[in-house]
Amino acid sequence: MQLDKVIYTGKTLVTGGRDGSAKSDDGRLNVALSGPGSNGPGTNPEQLLAAGWSACFIGAMKRASAMESVALPADVAVNAEVDLGTIREGYALQARLNVSLPGLAPEVANKIIASAHNLCPYSKALKNNIHIELKLI
């Protein structure tokens with residue numbers, strides 16, 4: 001799928017791979033990177049993916065709830081877990097999005113979660129490419 005219109009382009013420079021650093025062109029992001037599970041000083045790509053996806057997913061839930069004329073709880077939260085593991089062909093990812101929508105009936109909350117999964121650009125990029133579990137908590 002090619003975009004009709006570009007709204008924003010995030011630009012980063014990573015040096016040193018998993019044991020290096022990542023910096024954005026505007027200077028707002030400047031983080032050390034470390035391998036997952038290591039005692040290194042930085043974060044890792046799996047944590048960065050989990051954070052970005054969670055933030056985007058909450059935005060998609062806001063849009064989905066507005067489409068349903070439902071007020072999204074102020075304390076909505078997503079606990080994302082991104083696993084790095086192995087498959088026969090090498091390394092792969094899988095993920096779980098554990099979504100908290102306090103005060104909403106489960107059937108309404110699950111409808112918003114499913115709709116958000118179809119709206120969220122991160123979900124669109126990842127579904128059918130990695131195993132994803134969505135769970136209302």
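**Charges first, then the core**

Analyst: A quick word on charge: the chain has 13 positive and 12 negative charges, and their mean positions lie 5 Å apart. Lys and Arg count as positive, Asp and Glu as negative, with His and the chain ends not counted; each charge is placed at NZ of Lys, CZ of Arg, CG of Asp or CD of Glu.

Bear in mind that this is a predicted model, where local features need pLDDT of at least 70, side-chain atom pairs count only at pLDDT 80 or more, and totals for chains, interfaces and linings use all residues. Residues are numbered from 1 along each chain as its sequence is written, and side-chain values use heavy atoms, leaving out hydrogens and water.

Now the core. The largest one (buried Ala, Val, Leu, Ile, Met, Phe, Trp, Tyr and Cys joined through side-chain atoms within 4.5 Å) holds 27 residues, and W53, F57, M61, V78, L97, V99 and L101 touch the most other members. At least two residues each come from α1 (45-67), β4 (77-87), β5 (90-100) and α2 (106-119); α1 gives the most, with eight. Helices here are DSSP runs of H or I, at least four residues, and strands are E runs of at least two, numbered from the N terminus.

Zoom in on F57: beyond its neighbours within four places in sequence, its contacts are V78, L97, V99, I113, A116, H117, C120, S123 and L134, a contact being heavy atoms within 4.5 Å.

How values were computed: Buried < 20%, exposed > 50% of the residue type's maximum accessible area, 1.4 Å probe, protein only.
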